Amino acid sequence: MLKKILIYGAAALAVGIGFLQFTGTQKLGTELSELMIIQSMGIDVEDDRYSVTVEILNNEQTGSANGEVQSEEKTKIYSGNGETVSEALSEIIKKSGNRPLYAHNRAIIIGEEAAKTKLTGILDFIERDYNTRATVPVAIVKGGKATDIITADVGMNVIRAQILENVLEESEKVSYSQRMRILDVANYKYEQTTSLVIPAIKTVKNNEKEFYYIDGSAVFDKNNKLSGYLNEQQSMGLGFLKNKIQNGVIGSDIDGKQKFSVLIVKSKTEYVINTDGDIPEYTLNVKLSVDLDEIDNGAYSFDEKYIEKIENAVSEEVVKMMNRSLYETQKVYRQDCLRFGRRLLLYDKNAYFKYNDKWEEIFPEIPVYVNVDVQLRRLGEISFFKK
Amino acid sequence: MNSVKMTSTQLYSVMYLSVLVGVFMYLSHEGMSISSVDTLIHSLLLIVINAVFAIPVFYYVSHCDSGILETFSLVSPAFSKVIASLYIFLFTIGNIRTVARFDLFVTSEMFEQTDMTLFIIAIIIICALLSLLGIEALGRGSIIFSVIVVGASLLIFFTNMQEFDSLNFTPPFLSDGIDFLKDTMSISTYTVVLGVPVLYRGEIKGKMSKSLLMFICSVSLTMFIVILTIIGTLGTFADYQIFPSFAISTIGKISLFERLEAFETAAWILCVISKITFFMLIVSKCVEFLFPKINKKVSPAVTAIILSASVIIISGSIKRFSFLTSLWQIAVPYFIVVTVLPLAGCLLIKKSKINKRKREFSEAENA
């Protein structure tokens, strides 16, 4: 009997302690209502001091007998300042009287000024913090402050962080930008030859209401200082260059007249690296499968030549996007946010170790050849026939 | 000798859980990168390394029916007591390392900014009570625990597979020859329990060699899967995580359910309880060999006090945890327990067989 009690007791203890992690009791001895459940965090730098704004769940809301929430907002906004991010958060703790819980954080937003000057320190805090999840997405505010994003008027009684998280996730699915979670940011940062590229976000006003808008990507130098931005098209080109395209829309035209759009179904970029010359050469072969979504003057007849014209037009458009993106990263910013160096390491480690110490000089000079093979897969629900 | 005999599967289940504690609560050694594909190769080479270093263990368990302490005592009772003391020392140190590592894990990943000393001491007391039940009871429980732990680990593996990124991998053989060998050895030191079957040979029913080989292969396979998941999911980020195995459990998700680390934590605590209890039992066995008349409750009680005291001392400062990552402090016990002591046991068996044959030959000649 004692045997059973002890063995099952030990098992129950282990499972019980494990499941404690589901709850706010991660902070032992703390009631849920005493916790500051952070939903999103915005970090700015003003006068060389950190300013942190957080959206937290309003877990002190009063409820009616039937479980409906009465009055009050679903979330609250707090902000604080300090010499470090940690100090700024301490000020928020003082104001709210609650202990922070980062485990439910949905997004980390960094203001432009902070991205220009203090990103390394901010990333250290985020990575070092015990219960920040490595999958939290990170974004940079284009031309603005993080607090404007966290406090944006995006609707009545909504959780802004939830909308923010959805916008960041969806923008990746339609290939306007590539998600950067904390762990991705860390990997880019730690790789010797790679520079950071993080989605750029801003708010746009429409009828007094604000909306979140992903506006390309922010490019950083090797010292994690903001170098500049890629626009939407260049960000999409970056997606093709990095083999990170999921879905999305590509618009083009046939012979400069007939405009059309296609939906991306599948995309794969294969890298061929030639290390025989003085510097490595990259050939990128993109295989793209698309469905026709719209043609502006409604064509109903498709022969093989016409389909080929569409495919060629899409191919040219993608090549243009990729080349623009390459030009910006290679010639303008001179930062390897495409992970070309990392790919070289995987392809030929001897060549990598020959170039890695002077990669910043070599990367802008690397010849890159792009080939795009487009297959039009479907024409939509409209039937196709030859007259 | 204990009258209750256990099966080799039960013993290997306990040993398997003990190794998993090291794998899950992996702390990287100085200069070793877990995010390198070399670590995957090390985990596969583990089969060869362990099979080679454990040849004396294989020989001993297949040629002798009694425990190594009993074998030594037939030749020299005094020497066997020295060996028993050595086992007590090594496994007490091993247990202190386990408890300290668990303390670091609990206060870093589970309940940060909280002094968990009392919680750890409570776990130690539970383990001391469990050790009173004997190795056979622990063996039975460990089979169930192993199934739970393997299930939880596979769940983490499958939920992380969609997050694998080919750019997280590195080309093989990035480190040079000496470092590669050093890192392979450092991975193999996690299987220090490989030397335990010689200690318990007298209490195990039937043959052990085949299941010992199965144990070596399953440990290697488990390490391979865990490291593959770490590299595929985390990449270089893994090198900057104090517990990379825990970090991967926070990444995978099933639909809306994202807190899979809760399952993993529960599974790990089961492993830790099994390992601490197992090491306490080994120490108790040796103490009882040294002092046959001693009360069975004394050894677990003393071990629990030593472990509790060590937690109180070590927990206060991160500098005191440095011994957890010192390669030599893990490698030396591995060689002693897995190779040196079983080899000495094998030589004794061989010598006694030769002497027996000589005696028989001279008796026959005299006759």
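Which residue forms a salt bridge with Lys285(B)? In this predicted model, the partner is Glu203(B), with the closest N and O atoms 2.6 Å apart. The two residues are 82 apart and link distant parts of the chain: Lys285(B) sits in helix H12 (residues 261-290) of chain B, Glu203(B) in the loop between helix H9 (197-200) and strand S2 (204-205). Lys285(B) is buried at a relative accessible area of 14%, and Glu203(B) is buried at 7%.

Over all chains, the count is 27 salt bridges. One of them pairs Glu163(B) with Arg179(A) at 3.1 Å, N to O. Glu163(B) belongs to the loop between helix H7 (135-160) and helix H8 (177-188) of chain B, and Arg179(A) to the loop between helix H6 (160-173) and helix H7 (182-190) of chain A, so this pair joins two chains. Glu163(B) is buried, with a relative accessible area of 16%, whereas Arg179(A) is partly exposed at 33%. Both take part in a network of salt bridges that also includes Glu172(A), Arg181(A) and Asp184(A).

A further salt bridge, 3.6 Å from N to O, connects Asp165(B) and Arg339(A). Asp165(B) lies in the loop between H7 and H8 of chain B and Arg339(A) in the loop between helix H9 (304-332) and helix H10 (340-347) of chain A, so this pair also joins two chains. Both residues are buried.

Asp38(B), in helix H2 (residues 37-53) of chain B, is buried but has no salt bridge; Lys349(A), the nearest side chain of opposite charge, is 6.6 Å away. The side chain of Asp38(B) instead reaches the backbone nitrogen of Phe173(B) at 2.4 Å, and a polar atom of that side chain lies 2.9 Å from the backbone nitrogen of Leu174(B).

Definitions and conventions: Residues are numbered from 1 along each chain as its sequence is written. Chains are lettered from A and ligands numbered from 1 in the order in which they are written. This is a predicted model: local features need pLDDT of at least 70, side-chain atom pairs count only at pLDDT 80 or more; totals for chains, interfaces and linings use all residues. Side-chain values use heavy atoms; hydrogens and water are left out. Helices (H or I, at least four residues) and strands (E, at least two) are DSSP runs, numbered from the N terminus. Buried means under 20% relative accessible area, exposed over 50%, partly exposed in between (1.4 Å probe, protein chains only). Lys and Arg count as positive and Asp and Glu as negative; His and the chain ends are not counted. A salt bridge is a side-chain nitrogen of Lys or Arg within 4 Å of a carboxyl oxygen of Asp or Glu. A polar contact is a pair of N or O atoms within 3.5 Å; within protein, one must be able to donate a hydrogen and the other to accept it, and residues adjacent in sequence count only if both atoms are side-chain atoms.
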